[in-house]
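User: I am new to reading structures. Can we go through this one in short questions?

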Amino acid sequence: MELVIGDKLYSTWSLRPWLVLKRCGADFTETVIRLNRPDTAEQIALHSPAGRVPVLKVDGETIWDSLAISVWCAERYPEAGLWPADAHARWQARSVVCEMHSGFMALRNECAMAPDHSMVGPDRSPPPKGEDTAADIRRLVQIFREARARFGAGGDYLYGEWSIADAFFTPVAARVRHFQIDLAAHGDTDGAARAYVDALLAQPDFIAWGEGALANAA
Ligand SMILES: N[C@@H](CCC(=O)N[C@@H](CS)C(=O)NCC(=O)O)C(=O)O
């Protein structure tokens, strides 16, 4: 099984299925394509009909898009518990994953992960100023606080135990850290959303991704 990904320093879409595959204990190789280079499109086209990474190659098939790969993992590795066991939590988890996958454009645009804005490393950038971005952050805080309050009792993650939802919000946690976003100023009255973000940043597979990112970049 081969996962084709973009630069680990800033390919937020690649991070998600990488975390999910790690959680499954899947045995996979990584092919890293450097983004923002003259030959990037050509390199990606060797692997992806959609011209985007991540791509998973398995059983003679190509699966592209971070959500499609994550859903494939849940199907292939049911024992990994990639969706919450509780039905209500599971319905909510799928909803927030889809909301993350298709939305938060202002936050993505203003806090883009790119060569100067890496998901790991000591560099930090000033907080975003846009009102649409602030609205996105308020919505994230609402999602985090509601899920943690309703379903989070079994662990530190959104629905207690780690799930695909956490893979989808880990790039957001990296943005919160890099862009020094004050969640308290966006509705996190008691620090519950911040504690969740800190749990994502402390997750061992994300730390391993960061070490790999810095090694790749060296
Ligand atoms: N919706 C897709 C988005 C994938 C995407 O936009 N990937 C970026 C890299 S992070 C890409 O391949 N860009 C092509 C390029 O930089 O030429 C997914 O979730 O996998």
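## Cysteines and ligand

User: Is C98 buried, exposed or partly exposed?
Analyst: C98 has a relative accessible area of 41%. Buried means under 20%, exposed over 50%, partly exposed in between, with a 1.4 Å probe and protein chains only. So C98 counts as partly exposed.

User: What kind of model is this?
Analyst: Residues are numbered from 1 along each chain as its sequence is written, and side-chain values use heavy atoms, with hydrogens and water left out. Local features need pLDDT of at least 70, side-chain atom pairs count only at pLDDT 80 or more, totals for chains, interfaces and linings use all residues, and the model is predicted.

User: Is C24 buried or exposed?
Analyst: C24 has 12% relative accessibility. That value makes C24 buried.

User: How many disulfides are there?
Analyst: A disulfide is a pair of cysteine sulfur atoms within 2.5 Å. For C24, the closest cysteine sulfur is in C73, 4.5 Å away, so it is too far for a bond. For C98, the closest is also in C73, but at 16 Å, again too far. The count of disulfides is zero.

User: Which side chain has an N or O atom 3.0 Å from a nitrogen atom of the ligand?
Analyst: Ligand oxygen atoms lie 3.5 Å from side-chain N or O atoms of W13 and R52. The nitrogen atom is 3.0 Å from an N or O atom in the side chain of D65.

User: How much of the ligand's accessible area does the protein cover?
Analyst: On its own, the ligand has 520 Å² of accessible area, by the Shrake-Rupley method with a 1.4 Å probe. The protein covers 77%.

How values were computed. A polar contact is a pair of N or O atoms within 3.5 Å; within protein, one must be able to donate a hydrogen and the other to accept it, and residues adjacent in sequence count only if both atoms are side-chain atoms.
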